[in-house]
Every structure is written in structure tokens, then in C-alpha cells.
Amino acid sequence: MTPRPSRLKARKTWLGTGVVLVLLGLNAPAVIGFAEEEYHQYAINRPAYKAARGHWALASMPKTYQLNSIHAVLLHTGKVLLVAGSGNDIKHFKGGSFRSTLWDPVKNSFRKIDTPDDMFCAGHVQLSDGKILFAGGTGRYETLKGDVKRAGGAMLVKNEDPDRARVLPKGTVFRSPSGVAYRTQTAIRVPPATKAVSGRAGAVTVSASESRVYVEATEDGPRGITNTTEQYSIGGLKAEDARNVYGIANKIGLDKKDFQGIRDAYEFDPVTEKYERVAPMREARWYPTLTTLSDGRVLAVSGLDDIGQVVPGKNEIYDPWTKTWSAAPTRFFPTYPSFFLTGRDTIFYTGSNAGYGPADVGRRPGLWNLADNAFTPVKGLSHPDIMETSSSVLLPPAQDRRVMVLGGGGVGESSKATARTAIIDLRSSTPAFRDGPSLPVKTRYLNSVIMPDDTLFTTGGSRDYRGRGASNILGAQFYDPVRNRFTTAAAPTVGRDYHTEALLLPDGRVAVFGSDPLYSDKANTRLGRFEQRVEVYSPPYLYHGHRPRLALDGTAKVRRGGRLVLRSPDAGDVATVRLMRPGSATHVTDFDQRSIALRVQHGDGRLTVTVPEDRSLVPSGWYMVFATDKQGTPSKAVWVHVA
């Protein structure tokens, strides 16, 4: 006999149905929408759903600490540094209002950090001692052609004095032969001229030194326009100084003015929680890439310079011990190129980038040897013209030397996008890209995060440039490198496109920040607002019940090739141990994240792991160690320092 529901239960069911029927008669679409949303909330909060697809939740960040997050860095203290600088807000730039917030995900506490410069669109990377190097940022905001009121351009400053350098402060005035005045927008140092003695007679040849600075007419209007090469006198200089130091300009106009970079560099100390100024770069950079090298130094590449042009291949290297910069091999790349250290002197460039630069120069992926400056292109990438705003990841484990690119868009403000993924095995004698499984939809600005269980979590993005046409994608998925396939994850509730970052947290969750859409509606009639909410994703493995426990047995310091002992009452159930470099993300590019497999010896309540010796695989610095059990559930991380 079929069981019958109780009379009370049946009565509640019919009562509810009757109310819904009455409401349907009053406002059917609204009620249906309400019912669908109620059911959706019920469905995504069921334990079975969370165990299969995970769960999203908004972090409760008080308004006073909210900011336009442009950069997100996980520190070895477990805190997250969120950096806005001026946050793509010209009012903040002009007012000198530069912001950073420190977030503790465990305590859910926040702290404002004094930010000494506009680090909006800087480059950043973890140094070997755990400090974070920030280099570059914003010297000037973009001005569209119709909004340019004063003529501006590059001034080449010459110094013919071999005995003394000259420092010209911001605001120095240059005057043309016709009397038009132009003012410098930044300070500039011009080194001494070079002096050479030749022949028996000791003939002396002096060659003028030169430095470049951006100048702007002191008055509005077309009078400041010039298209001829002229020599400019410098206000405040007299007699011999005025003869030795002068300016040369070829073209000063009312054209569109691009963003301009700065030379300034800082180290952020996670212990003192302060920025510390270090020597400035040789070149100003806005949208640069910083990459840790195998010897602990840092390579700085590309960016827009102090006159708004892509730095023409003048790369440089930072030495964290002397805190100084030196020249690196010359090679041109578009801004924010995606680099991966893959050998002692070898960088792999995937072709992913964040925008500025010509469409036909520096876009081809390949292996760059810093020792001899040789560049070996790689083939096989489908849709190579749709690589801007694509995501690039060194797939786990890093020993496999496999790199994946995901999605991307056309050059500039193109509406083109792709669902293409491609994978390259750099261990091959002739490495070439091969297409991987497609993304669910064509996607730009996809955030990709390496997980402790060797999967790749991807989320967000948009189908069009900066989310135009309400094209943000409320979706997420996992990529399994072993099975070479995607599986669906729970969908986020907040859309993310340009200026978005995502980081793996030490407890195994993923935090997502930022988003800077051009418009807020499908018709592109209302300007967008920067997304300041933080959303945190808890993966399915956090709903599988017990997770392995892990602790250090002794020191947190280990050398490459050395052993590290970990305590765990669940040691017998541990399948893998991973050494994971904390993320440092901006513009869909993570300059640091990688996951390294460790050899494991199981003992009674102990795990002994060996760190690989290869410096290009394991650069010095702080790492998270995760132990994952046979059911695929990771422990919380413990922090270790690899020297």
C-alpha cells in the first residue's frame, strides 16, 4: 500500500498551493521569479550540492576599508594585501589619495596601510625574504583627444658638462625660441656628459648626455603645438649652465595622452606592514611584469613609460641584496606579458598580455634565454590574435613543465573573444601548443587559481571588452589536468571582468576581488561602478567531512634538496604533499603562483618530504605546504621558507 501523507502535512501543502495560486493571479511573473530564487537558494545551500560544486559567500568588509582592488598579494603571514593606489579614479590621483588595505581572512579583520605612491597598475612579486617588491605605477592618467586642453610631448634634455649631473625638479620651465613655455610633469636627472681623450695630442671629445621628460604647455590652446625640431632654454639656468643644459623637442601636440608610468619602487614588509622605498628603476613603467629569476633577482619588463609609450625593449633587473637596478637583455613585449621561469636562464612567454602595444610586434609566444638573449618561438597556438586578457597558468605539478592558456580577446577594445584553451609541454624537444577542452563560453578576463588537489579553478570573466553589453559571466569550473576536462562549479553571485584578482587562501578557499566594467547596462548607456565586494569560494573538498591535520615538526626553514618533517595524525591517509608559492595577482596575471610536488616518506604520525634542488623550479621565498588525503581533501597550509 502506498503511504499517505499525514492530514496536517497535506493541509499545509494545499494551503501553500492556494496562497501561491492567489498570488499568481495577482502578479504571475513576480511570483514565479520569487519562487525560482527561493528554490535556487534552497538548492545551492543543500549539503549534497556543496559537496559536489562548492559554495560562494560574500566577505563582510566594512565600508571604511573597501577599495578599488587592482592588486592582490597573499603574504606569508596569511594576510592579503589589497592595493588600489588611485584605483583608476582620476579624482584620487589628483588628490594624492592612494590606498592599500590589509585583510586577515582568519580573523576577518582589516587595516589601512599608508601608501606612499600611486601603485595603480604597478608590477609586483615576492622576494626571497618574503617581502613584496612593487615597481612602477601611475604618473599621469589618460586624456582622450577631445579633452586635451594643453599641448604636451617628450622633451629630450641634453647636458654637455662632463663634470656635473643636473637634477631638474618637477615644474621646471622650458621655453621655445618663440617664447612658448612648457613645464615638466616630473623631476628629471641628467647625467654628466662623457669625455674621451684620443691621439698623442690628447684631443678631448665631449658627448652630451641626455634624459627624457614629459612637458606640457603652461597655457591652453593650439599655441603650444609644434611639429618642428627646436632647442629650448631652461628657466632658472644662467651663463655656462644655460649653455650646457638645454632641451630638444620634435613634436608637441594636442593628441590623445596615454597613461604614463613612474620609476619608483618599494618593498612591502609583511612583518612591519609598511612600504619601504628602494632605488628607482631606470625606466618609468605602467603595466610592467616582474618575474623572479632562479638566483633571486627580479626581471622587470615592458610597461608604458613616462611619455605614454610602450618601453622599447629596455628591460632591467632588481638585486634585492643591494636594492639597485641594472640593465637586462633588450627585447620588446606588450604590457603585462605572462612569463614563467622554466630554466636557470629561461623564461617562457605564453603570448598572454594585458593590452598596450602594436598588434604585430612582441605577440608571438616563445622561450627567451636571458644568457644570450635568444628567443625561440613556439608554434601551434590557435587564434594567436586573440590573446589579450587571456589567462596563463603553469599547470600542477610544476615539475611537468606544462603551461595552459585560457580564453582571451582581440587587441585593444576589440569585441572578439575565444573559448579556446591550449596546453604546451615544455619538456618536449620541440614544444608546441595543442588545443585543450573549450571553456563553456567565449571568455576574457578569466581568473585561474591552482588548487592543492592539483586541479585548476577558473571563475568569472566577460564575453566582451570590460563587460560591455552586460556580458559578465556568472560561472566557474574546475580543470583536471589528468583527465583533461572541465567540470562545473557553483556559480559566483558577483560579476568580474577587468581589474579582477583571485587568490588561493591558506585554508584552501579562494578569494576574488575587484572588477571594473565600462558600463552597468546591456545598452551601454550607464557608466559602470568599480566592484568593491569580496566573494569567497569554498571548494567541494571542504564539504567532504574530515580533512587531514598538518603541523611543522621543528623549523620552518628548509633548503633546496633538504628535508622537511611534518606532524600529522592522519599521515597514513595522505596521498600527496604540495609546496605552493602564494599568489600575487593583477590584470588576470599571477606573477608568482606555482605548485611543486614533494616526495613523501610516511612514518608514524610523521611525513618527511624532500624539496627539489632546482632553483628554477623552486625559487627562494615563502611557500604554503598542503597535504591532501586519498579522498582529495587538503589540509590547511603550514608556511615554510625555502632558502
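The structure is a predicted model, in which local features need pLDDT of at least 70, side-chain atom pairs count only at pLDDT 80 or more, and totals for chains, interfaces and linings use all residues. Residues are numbered from 1 along each chain as its sequence is written, and side-chain values use heavy atoms, with hydrogens and water left out.

**View A. The largest nonpolar core and Trp103.** A nonpolar core is a set of buried Ala, Val, Leu, Ile, Met, Phe, Trp, Tyr and Cys residues joined through side-chain atoms within 4.5 Å; buried means under 20% relative accessible area, exposed over 50%, and partly exposed in between (1.4 Å probe, protein chains only). The largest such core has 50 residues, and Trp103, Phe457, Val510 and Phe513 have the most contacts inside it. Strand S39 (residues 510–514) supplies the largest share, four residues; helices (H or I, at least four residues) and strands (E, at least two) are DSSP runs numbered from the N terminus. Among the residues that Trp103 touches, not counting those up to four places away in sequence, are Lys79, Phe110, Leu505, Phe513 and Val536, where contact means heavy atoms within 4.5 Å.

View B. A salt bridge is a side-chain nitrogen of Lys or Arg within 4 Å of a carboxyl oxygen of Asp or Glu. Asp220 lies in the loop between strands S16 (209–217) and S17 (230–234), and Arg150 in the loop between strands S8 (138–140) and S9 (152–159), 70 residues apart. Asp220 is exposed at 52% relative accessibility, whereas Arg150 is partly exposed at 30%.

**View C. The Glu273–Arg111 salt bridge.** The closest N and O atoms of Glu273 and Arg111 are 2.5 Å apart. Glu273 lies in the loop between strands S20 (265–269) and S21 (274–278) and Arg111 in strand S5 (residues 109–114), so the pair ties together parts 162 residues apart in sequence. Glu273 is buried at 12% relative accessibility, and Arg111 is partly exposed at 38%.

**View D. Ala300 in strand S23.** Ala300 lies in strand S23 (residues 298–301) and is buried, with a relative accessible area of 0%. Its contacts, not counting residues up to four places away in sequence, include Met281, Leu290 and Trp325.
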